[in-house]
There are 4 protein chains.
Amino acid sequence: MTRDIDTQLQQYKIQRKNRGCLLIRCPDQPGIIASISRFLFQYNANIIESSQYSTNHESGNFFIRIEFDCPSLPDQKEEIKTRFLGIAEKFSMEWKMTFPSDVKRMSIFVSKELHCIRELLFEWQSGDLMTDIVLVISNHEDARELVESFDIPFVHIPASRENRQDVETHQMKLLEAYAVELIVLARYMQILTPAFVEANPNRIINIHHSFLPAFVGARPYDRAYQRGVKLIGATSHYVTNDLDEGPIIEQDTMRVDHRDNIDGMKKIGRSIERSVLARSVKWHLEDRIIVDGNKTIVF
Amino acid sequence: MTRDIDTQLQQYKIQRKNRGCLLIRCPDQPGIIASISRFLFQYNANIIESSQYSTNHESGNFFIRIEFDCPSLPDQKEEIKTRFLGIAEKFSMEWKMTFPSDVKRMSIFVSKELHCIRELLFEWQSGDLMTDIVLVISNHEDARELVESFDIPFVHIPASRENRQDVETHQMKLLEAYAVELIVLARYMQILTPAFVEANPNRIINIHHSFLPAFVGARPYDRAYQRGVKLIGATSHYVTNDLDEGPIIEQDTMRVDHRDNIDGMKKIGRSIERSVLARSVKWHLEDRIIVDGNKTIVF
Amino acid sequence: MTRDIDTQLQQYKIQRKNRGCLLIRCPDQPGIIASISRFLFQYNANIIESSQYSTNHESGNFFIRIEFDCPSLPDQKEEIKTRFLGIAEKFSMEWKMTFPSDVKRMSIFVSKELHCIRELLFEWQSGDLMTDIVLVISNHEDARELVESFDIPFVHIPASRENRQDVETHQMKLLEAYAVELIVLARYMQILTPAFVEANPNRIINIHHSFLPAFVGARPYDRAYQRGVKLIGATSHYVTNDLDEGPIIEQDTMRVDHRDNIDGMKKIGRSIERSVLARSVKWHLEDRIIVDGNKTIVF
Amino acid sequence: MTRDIDTQLQQYKIQRKNRGCLLIRCPDQPGIIASISRFLFQYNANIIESSQYSTNHESGNFFIRIEFDCPSLPDQKEEIKTRFLGIAEKFSMEWKMTFPSDVKRMSIFVSKELHCIRELLFEWQSGDLMTDIVLVISNHEDARELVESFDIPFVHIPASRENRQDVETHQMKLLEAYAVELIVLARYMQILTPAFVEANPNRIINIHHSFLPAFVGARPYDRAYQRGVKLIGATSHYVTNDLDEGPIIEQDTMRVDHRDNIDGMKKIGRSIERSVLARSVKWHLEDRIIVDGNKTIVF
């Protein structure tokens, strides 16, 4: 199966070899777009898609995502980035410039429930997630067969309350060794330490099996059933050290009725979790998300 | 406008003159449906629609809604109800038998925001809510012009924390005088006293402007905006003395994005509130809802 | 009621007095955004929201919508427009610059079914449609009471196959007299002549009561019912001389089931028609729509 | 992986060993439910879930689905069926009595696109589709690795216009040898002959990649893109000899926008196809579907 994926990734990289992407957040003022677009024009770059948004009535912030095509990009990546520093400083920008052909290296953390990792692997295999899945880490063995059938390294690190520090030290070494840029918690049922989270800001995506902020915490389906809700949902978010409080990336809901008991809700919920998580990961990989405090802007 | 509604209601009553509806909740056991259906057959009643559901794995409850057509119904309503008592006792049923041609008498309580009452009035006028709207009560004058244009009595009862008791005494007298069977809180921004609520069990429907149990309490859109959710929702429920905790009848959600500020969310929310409330009222009027503890079964 | 609306419109105009909006379509090439944004910067304009899209792999077209705030706008509207001509010519743009404070003048055409016009009037009254509704034309009297309760002129022009030409002559005179900029067919059951349509390019919005292109033509709910579909829908589109084939602006669907007969489908359909039409009109009024051949781009 | 599935199926069969399901369609008249429920009561059967519906205003048909629990079922299956014949005759019923513990034997037909078969296999593996998948037939080799990883026999039968007769003869022999009861066309891109279809009435489920009846026929996404629709959909239906005209089981739609080109639509469409097909197959396996002419009633 892996051969297909490699071929798709190669094609994608070749097609995108001149593509760049700018993500910017800064205080709003006139002239920002004029400066950026003149800069890009100097490199003969063509803007393919741009989305911009200003919260002028609140904090006065400016957000933009620009995807551009630049014929000389392969030879000038570093120069373009360096020269952009001037504009970035002038407007006090938080920014990054990424290149779609540098596909992101991703690791999946998983426990015993496999529906989310399966969805990611199959979206990946279908060419719908352009990423290198370089490593899967689990505190159980359940996912091994599936993961290894994709020729992806699978590392089993048993976890418990007592050994959390050791587990994370091991995980961090692996993440570094594999140069991982995005960690996806695909129903990974362990709480990460503050140190781990802080080491990976806006780089850990979690799927929570409820429509947050309803049913924050454990056993959301049980509580949804007890409350008698008519819709259940799922939420993907970046992980911060406020449990279940990180910036929400995507949410969705589906209808349930009185015939759906807790198991029925879990089944329906699995399909929401799958699609919500897959969409979030896709947007992150395409550099469509800007984090603004505890919110996300998805362009 | 009222003449159209009267004509529609008259036609509806004539078409439904042989129609009855049974709503039952009882402990589950074999033979219940056999008994009910034999009973109805004795009256030559034809079952038009029936939905049944048993929670056999939990509390072992049995729920059924049967709508039937009985040629001799107009002359035998009381006899049929009386004779059903035997079956009801045998199976320890909580039950009611209603007759669609006895359209329910409804009162709407409203404050300053009119979108929900407007929706109800127009669904009513379009023939989509078969009810007599006999009275509108408000703590403000804003709805008067709209309500009176439908020839519906409008009573303004100013409300404050201090006079709550007097207000409710006045309201209760009016509800009794108008023989009101259903109270709809269409964004009525006053909290009802326990006595008022207990006097109207499962007869007060409220619309809450959030996807409960998220954002229980006041100012849900403000808090939804602060939390950065990607969907907002509304919830209709029967009012109990646990604030925002009554049995949920219906919920729905709609997508918002970063461009929607609090005002934008409120606008989107209004359209959800309108449709969620209208559906709930419709189901209640059609006797499709059975309350089971803190949940509803909507057949 | 009208006084509220006038107050809201006045506030809106004052708040937006410095606001401008550019809608552009042209062949794609590098430098377009740089030119536009430098131009705006010269007027010290701040870009509030911009969305851009290029179909570079197909026709190579470039589309952009820019909303900007310019302190000197009230005194320089004409100068800005005139001076933009140079850029427009250089890049072969089809373009328009509009000013939100010049709210559009709108006319509604309606026949006997009132749910769509009601929705528009109430969205308008709630401050959700910033427009002057200056005229309602109908081939029936049904909407008169409703329309006149909003102090909007209502003109009854009986229509038949024989007098279509006279009817339209009358209509066109009225549209001119009232300086109408947008015509909304809110379930207007007459076919317009090619001359009328050509005189109003991309200025007539119709609501079709099916999920086009399914059930093109008459009686879509009857045919949907016969076909046994599980969702029904509605479609709003600009009117062209290809019946039901104009550029689609918005669509939506809702679930139906076997219990919904044709009348039930019509009731459900009405609520889809209402919201789909209202959203389309809102987007048109906010200048969010660019027509591209037989498609729309909604920014 | 197969061992898990076998365990789940065994548990399911044991839990459902006393379960029966009646699906009935007949002309409407009083007394039907009384007769059925008395019959079941004689066997001490408890009705778990029943749904009934009458089209009394049209064809006067009566439809019911009853799921029941009968302690003596395992020893009396044949007797119960035989004795039900009396009631069935009296009311001119088309009927079937099925037993959930006799899980249905299913075959999947597939071509080169694997997303639908993958979804079915993973829903199956997760315990969400209670069936024996006994055989996969394909005109290509693409699905072999996936299918064989589940220990399911995979048979490659190359197909072309010329050899259609031979192909189907081969297929029919296999279906008989494997005692297949349900055929799912999971994006199988071959047209079946009338003889094949007639031999499998209401036993072949197809997924069509459009919101039928829009875009009947080939290349629906291309045509949806050309038409500029704002939602795309998928439709599952029983296969009849009217191409794309069989009774619709389920449909769903998702939103697309101007940024989605044909490939983007196909990607979005894949996720709709997957869920729509999986839901249909689930409902068929649970005997929730009654075919009524060219429509389905899904209880």
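This is a predicted model: local features need pLDDT of at least 70, side-chain atom pairs count only at pLDDT 80 or more; totals for chains, interfaces and linings use all residues.
Student: How many salt bridges does the rule find across the interface of chain A and chain B, and how many residue pairs in polar contact?

Tutor: The interface of chain A and chain B holds six salt bridges. For polar contacts the count there is 19 residue pairs, both residues being at pLDDT 80 or more; such a contact is a pair of N or O atoms within 3.5 Å, where within protein one must be able to donate a hydrogen and the other to accept it, and residues adjacent in sequence count only if both atoms are side-chain atoms. On the side of chain A that touches chain B, helix H8 (220–227), S11 and strand S13 (295–298) of chain A each supply at least two residues, and S11(A) gives the largest share, seven residues. Helices (H or I, at least four residues) and strands (E, at least two) are DSSP runs, numbered from the N terminus.

Student: How do you know how much area chain A and chain B bury between them?

Tutor: Buried area is the accessible area (1.4 Å probe) that two parts lose on being put together, summed over both. For chain A and chain B this comes to about 2900 Å², with 52% of it on carbon and sulfur atoms. Arg227(A), Lys230(A) and His258(A) supply 26% of the area that chain A buries against chain B, more than any other three residues.

Student: What are the corresponding values for chain D and chain A?

Tutor: Chain D and chain A bury about 1600 Å², of which carbon and sulfur atoms give 36%. In contact, meaning heavy atoms within 4.5 Å, are 20 residues of chain D and 20 residues of chain A. The rule finds 10 salt bridges across this interface, one of them between Asp128(A) and Arg270(D), with the closest N and O atoms 3.0 Å apart. Strand S2 (46–54), helix H4 (115–125) and helix H9 (262–285) of chain D each supply at least two residues of the side that touches chain A, and H4(D) gives the most, with five residues.

Student: Why is H4(D) called mostly covered?

Tutor: A residue is buried under 20% relative accessible area, exposed over 50% and partly exposed in between (1.4 Å probe, protein chains only). In H4(D), 11 of its 11 residues are buried, among them Arg118(D), Glu119(D) and Trp124(D).

Student: What makes the salt bridge of Arg274(D) and Glu119(D) a tie between parts of chain D?

Tutor: Their closest N and O atoms are 2.9 Å apart. Arg274(D) lies in helix H9 and Glu119(D) in helix H4 of chain D, so the pair ties together parts that are 155 residues apart in sequence. Arg274(D) and Glu119(D) are both buried.

Student: Arg227(D) and Glu245(C) also form a salt bridge; how do you know whether Arg227(D) is buried or exposed?

Tutor: In that pair the closest N and O atoms are 3.6 Å apart, and the pair crosses between chains, from helix H8 (residues 220–227) of chain D to the loop between S10 and S11 of chain C. Arg227(D) has a relative accessible area of 7%, which means that Arg227(D) is buried, while Glu245(C), at 32%, counts as partly exposed.

Student: Why is Leu243(C) called exposed?

Tutor: Leu243(C) has a relative accessible area of 54%, and is therefore classed as exposed. Leu243(C) lies in the loop between strand S10 (231–238) and strand S11 (248–255) of chain C.

Student: How do you know that S8(C) runs parallel to S9(C) and is joined to it?

Tutor: Two strands pair if DSSP finds at least two bridges between them. Three bridges join S8(C) to strand S9 (residues 204–208) of chain C, and the two run parallel, with Val184(C) standing opposite Ile205(C). Both faces of S8(C) are covered, Leu182(C) and Val184(C) being buried on one side and Ile183(C) and Leu185(C) on the other.

Key. Residues are numbered from 1 along each chain as its sequence is written. Chains are lettered from A and ligands numbered from 1 in the order in which they are written. Side-chain values use heavy atoms; hydrogens and water are left out. A salt bridge is a side-chain nitrogen of Lys or Arg within 4 Å of a carboxyl oxygen of Asp or Glu.
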